[in-house]
Amino acid sequence: MTHDWPLYEVFVRTKRGLNHVHVGSLHAADDQMALRNARDVYTRRNEGVSIWVVRSDAITASSPDEKDSFFEPSGDKVYRHPTFYSLPDDVPHM
Amino acid sequence: MNDQHESVYDGLLGGDSSQWAFGTDFEDPLAGVDPTVPEGVDRAALAAYCLMLGDDALVLSHRLSEWCSNAPELEEDIALANIALDLLGQARLLLARAAVVDPSSVPALPEGSPVPDEDRLAFFREQDAFRNVRMAELPNGDFAHAIVRLLLMSSTRLALMERLRASRDQVLAAIADKSVKELAYHRDHSARWFVTLAQGTGESRRRLLSALHELWPTYDELLGAHAACDEVSAAGMGVDPTTVRVEVDVVLEQVLAAAGVERPAVAPLAAVRGRSGRDGLHTEHLGRMLAEMQVVARAHPMGRW
């Protein structure tokens, strides 16, 4: 028997983390069920304190074919990096 | 950078990678709790009360574990297994407490046996010493049956545990505090499925109504009065189940209304000469379940596991 439960991507934020991290995917009938399935499947070992679920078809991803034109040009533009400033020793959090 | 992590698992490491397989920062729910048994209560009654709550959890946990690899969806398989493990944890703490309160309740094993008291109670008691409600021991039916049973038992248990947090017995209060968080999720999970099945297809609704009808006769026993409960609640250490009937009804009415389902009009399952599950009077199903559950442990009374 087949069913058409959509696929969801799951993101979890750790207790001390600042951002949600992708941990995997699962099937669910709707958004609320996806959230609860994610809690059951991906937070069994105290992995996190916050869950985001997103329908996989809502995600637009870059294509591997476009990798060269998307990402290579930024590799040789050293002037875009803030490495030519000298920081005094007593400036924190940089 | 400070708290950014490549992988969600990195955040778990306390710098010691040998801990990875077991996670980090585990909290012991009984850490810092005063284990002395308060004065002013009959020990046998208090132990019986612990066994009632513990056996409910133990027997239901075993029935839920039978769904492992049999649930309709992978995610649901894990959810039911998680719920079974939550209940097993509650059972272990409650059985251990019963053993401390009344050591004479623990089955005797050969001299030198390393089996802990709570395991002795779980695996070496006969069925007439088990104090769970009969709803817990009924064999599994279909998924709708599992959901209805979980809804009814988690709703009543949650109401009891919420009140038990105020127990004069510090250990019971701590157990109740941990249990409330787990049971809130069990009730949420089963209530959502209840509504989903009721409002789903013709078949899911038919199966749900059939399960409700089948389980309803054993519902009254969940919040039935008992002498041991009276004794323990009068001493400020337990909860008289009859006092939470109204609030549980309110919750169930909400779920039934959302599901568009009527409360069944079925008579309660009779007691036998005034005795029911709480007194060790069980259906034929418990004996068979325990035979399977206890056989390995009983084959190794000197075993260590």
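In chain A, residues 24 or more positions apart account for 44% of the contacts with a separation of 6 or more; two residues are in contact if their C-beta atoms, placed from the backbone, lie within 7 Å. The structure is a predicted model, in which local features need pLDDT of at least 70 and side-chain atom pairs count only at pLDDT 80 or more, while totals for chains, interfaces and linings use all residues. Residues are numbered from 1 along each chain as its sequence is written, and chains are lettered from A and ligands numbered from 1 in the order in which they are written.

**Chain A as a whole**

The secondary structure of chain A consists of two helices and three strands, arranged along the sequence as β-β-α-β-α. Chain A has a radius of gyration of 20 Å, well over the 12 Å that the globule rule gives for 94 residues, so it is more spread out than a compact globule. That radius is taken over C-alpha atoms, and the rule is 2.2 Å times the number of residues to the power 0.38. Along the principal axes, the C-alpha atoms of chain A fill a box of roughly 65 × 40 × 15 Å. Helices (H or I, at least four residues) and strands (E, at least two) are DSSP runs, numbered from the N terminus.

Of the 94 residues in chain A, 18% count as buried. A residue is buried if 20 or more other C-beta atoms lie within 10 Å of its own, exposed if 12 or fewer, and partly exposed in between, with C-beta atoms placed from the backbone.

**The sheet of chain A**

The three strands of chain A form an open, antiparallel sheet in the order E2-E1-E3. E2 and E3 of chain A are the edge strands, each pairing on one side only. From one strand to the next, the twist averages 30°. Two strands pair if DSSP finds at least two bridges between them. E1(A) and E2(A) are joined in the antiparallel sense over six bridges; here Phe11(A) has His22(A) as its bridge partner, and Glu9(A) stands opposite Ser25(A). E1(A) also pairs with E3(A), again antiparallel and over six bridges, with Arg13(A) opposite Ser50(A).

In the segment before E1 of chain A lies Asp4(A), which counts as exposed because it has 6 C-beta neighbours inside 10 Å. Its C-alpha atom is separated by 34 Å from that of Gly17(A), 13 residues apart along the chain.

The table sets out one helix from each chain. The expected span is 1.5 Å times one less than the number of residues.

| Helix | Residues | Length | Span | Expected span |
|---|---|---|---|---|
| H1(A) | 31-42 | 12 residues | 16 Å | 16 Å |
| H7(B) | 202-215 | 14 residues | 20 Å | 20 Å |

In H1(A), the buried residues are Met33(A), Ala34(A), Asn37(A), Ala38(A), Asp40(A) and Tyr42(A). Seen down the axis of H1(A), they fall within an arc of 165°, so they line one face of the helix; the arc is that of the directions from the helix axis to the C-beta atoms. Their cover includes strands E1 (7-13), E2 (21-27) and E3 (50-55) of chain A, together with helix H2 (74-101) of chain B.

In H7(B), Arg207(B), Leu208(B), Ala211(B), Leu212(B) and Leu215(B) are buried. Within an arc of 135° about the axis of H7(B), these residues line one face of the helix. Gly202(B), Glu203(B) and Arg206(B) are exposed on the other side. Among the elements covering the buried residues of H7(B) are helices H4 (134-137), H5 (143-164) and H6 (170-198) of chain B.

**Positive phi in chain B**

Most residues other than glycine have a negative phi. Ser69(B), in the loop between helix H1 (43-65) and H2 of chain B, has a positive phi near 75°. Arg273(B), in the loop between helix H9 (245-259) and helix H10 (284-299) of chain B, has a positive phi near 50°. Ser69(B) is exposed, with 8 other C-beta atoms within 10 Å; Arg273(B) is likewise exposed, with 8 such atoms within 10 Å.

Terms used. Axes are lines fitted to C-alpha atoms, for helices over the stretch in contact, and angles run from 0 to 180 degrees between N-to-C directions.
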